[in-house]
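User: I have a structure open and would like to learn how to read its features. Can you walk me through them?

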Number of protein chains: 2
Amino acid sequence: MITVYGYSVSGNCHKLRLLLEQLGREYRWVEIDSSKGESRTPQYLAKNANGRVPIIELDDGRVLAESNAILCWLADGTACLPSDGWQKAQALSWMFFEQYSHEPYVAVARFIRGWTPADSPRRTAELPRCLERGHQALAVMEKHLAGNAWFTGPDYGIADIALFAYTDVAHHGGFDLASYPALRDWLERVRATPGFVAMPDPAPENAALLAI
Amino acid sequence: MITVYGYSVSGNCHKLRLLLEQLGREYRWVEIDSSKGESRTPQYLAKNANGRVPIIELDDGRVLAESNAILCWLADGTACLPSDGWQKAQALSWMFFEQYSHEPYVAVARFIRGWTPADSPRRTAELPRCLERGHQALAVMEKHLAGNAWFTGPDYGIADIALFAYTDVAHHGGFDLASYPALRDWLERVRATPGFVAMPDPAPENAALLAI
């Protein structure tokens, strides 16, 4: 069986739960609260020297890191990843876009607002740039979705899952999605896919910070 | 034939040149100096709404963006990407590591030092964090290379190419590799692979800034 080490309210981690549930795969989930340093313990660093969640571990102890690489491995051979080489490359392209041009702004804005102290200097130093760059990424998505139902080919798949995770909670970071109608329709379509599970709500301490 | 749109002294772009040369593939190269805004023209944005280099374009006009997704597509079915699913996932994992934990620090330090004015506020505001995070990434690589010749399985491949591109010019960003002996040996092994081509030197104006 697969064991996921992840922080349930992290979008990167929730990607795996969403795909595993939708594929009907059995898995164990070991909660690692990376916001409290649990991904930096010697035990965890022995599994992933980069100290990040999520990872998966197989029964024989082999480990795979990086959420989108894990999505690819889990989805290989299923309807969630096209078998056609060019379509597969397009899925990968959107997943690299997500990690380079989207997550560092959309997810980091959420983290700063909900997981750093109310008086954190990061709120003034970093949030404006996160919002600016995050909106650039959302605009790229909107442009694609104006002419396409999904991010790769005719069907829902792991590029959608990768991009959905933090876009669905973008409001936590202060993003208003009012000017992205195609994006909002796509979020609805993802929520309506069979076996969909939403990310759990943040803990009360984080919810209180997000409400500031 | 494949057309690459790229900036020759960008590591992300050089990855493609290195792989294409090593695979013996024919290609056209269209130089796009992204540092002078050439990836933000209406013509270029029509090909890649995200405004980044590199992209590849096929003869029928189809476009693929994101350097590491392009590496995967080009290498599929060759010795540069393992056919085994788990090994392929490990290659992807290192490529996502490169784009998330390495490039935003190792490459950005180089960009700030060589492609922003000598009095740029980014030199004091951003360089220290780039160096700190970049060294964390180099340490993760060193740990892997202490026990492995290459980044995926027993052979050289696209995970090595992805990580080599900016590591080989890390000194431009102010990184001293003296304390990474396994990393330096690996750089030498990559430089000795058949068909290896080095990235061209930066233009004189950038070289002058790098020398400050």
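Analyst: Pro54(A) sits in the loop between helix 2 and strand 3 (55–57) of chain A. Helices (H or I, at least four residues) and strands (E, at least two) are DSSP runs, numbered from the N terminus. Val53(A) and Pro54(A) are joined by a cis peptide bond, with omega about 0°.

User: Which residues does a cis peptide bond join in chain B?

Analyst: Val53(B) and Pro54(B), again with omega about 0°. Pro54(B) is in the loop between helix 2 (42–47) and strand 3 (55–57) of chain B.

User: What should I know about the model itself?

Analyst: This is a predicted model: local features need pLDDT of at least 70, side-chain atom pairs count only at pLDDT 80 or more, and totals for chains, interfaces and linings use all residues. Residues are numbered from 1 along each chain as its sequence is written, chains are lettered from A and ligands numbered from 1 in the order in which they are written, and side-chain values use heavy atoms, leaving out hydrogens and water.

User: How do I judge the interface?

Analyst: Interface size is often given as the accessible area lost when the parts come together. Buried area is that loss, found with a 1.4 Å probe and summed over both parts. Between chain B and chain A it is about 3000 Å², and carbon and sulfur atoms give 64% of it. Trp86(B), Phe96(B) and Tyr100(B) supply 28% of the area that chain B buries against chain A, more than any other three residues.

User: How many residues does the contact take from each chain?

Analyst: Contact means heavy atoms within 4.5 Å. The contact takes 30 residues from chain B and 30 residues from chain A.

User: Which helix of chain B gives the most to the side that touches chain A?

Analyst: Helix 4 of chain B, with 14 residues. By class, that side of chain B has 18 nonpolar, seven polar and five charged residues. Ala, Val, Leu, Ile, Met, Phe, Trp, Tyr, Cys and Pro count as nonpolar; Asp, Glu, Lys and Arg as charged; the others, Gly among them, as polar.

User: How many salt bridges does the rule find across the interface?

Analyst: A salt bridge puts a side-chain nitrogen of Lys or Arg within 4 Å of a carboxyl oxygen of Asp or Glu. Across the interface of chain B and chain A there are zero. Over all chains, the structure holds 18. One joins the side chains of Lys36(A) and Glu205(A) (3.4 Å, N to O). Lys36(A) is in the loop between strand 2 (27–31) and helix 2 (42–47) of chain A, and Glu205(A) is in helix 9 (residues 204–210) of chain A, so the pair ties together parts 169 residues apart in sequence.

User: Which residue has a positive phi although it is not a glycine?

Analyst: Glu66(A), with phi about 80°. Glu66(A) is in the loop between strand 4 (63–65) and helix 3 (67–75) of chain A.

Note on methods
Buried area is the accessible area (1.4 Å probe) that two parts lose on being put together, summed over both.
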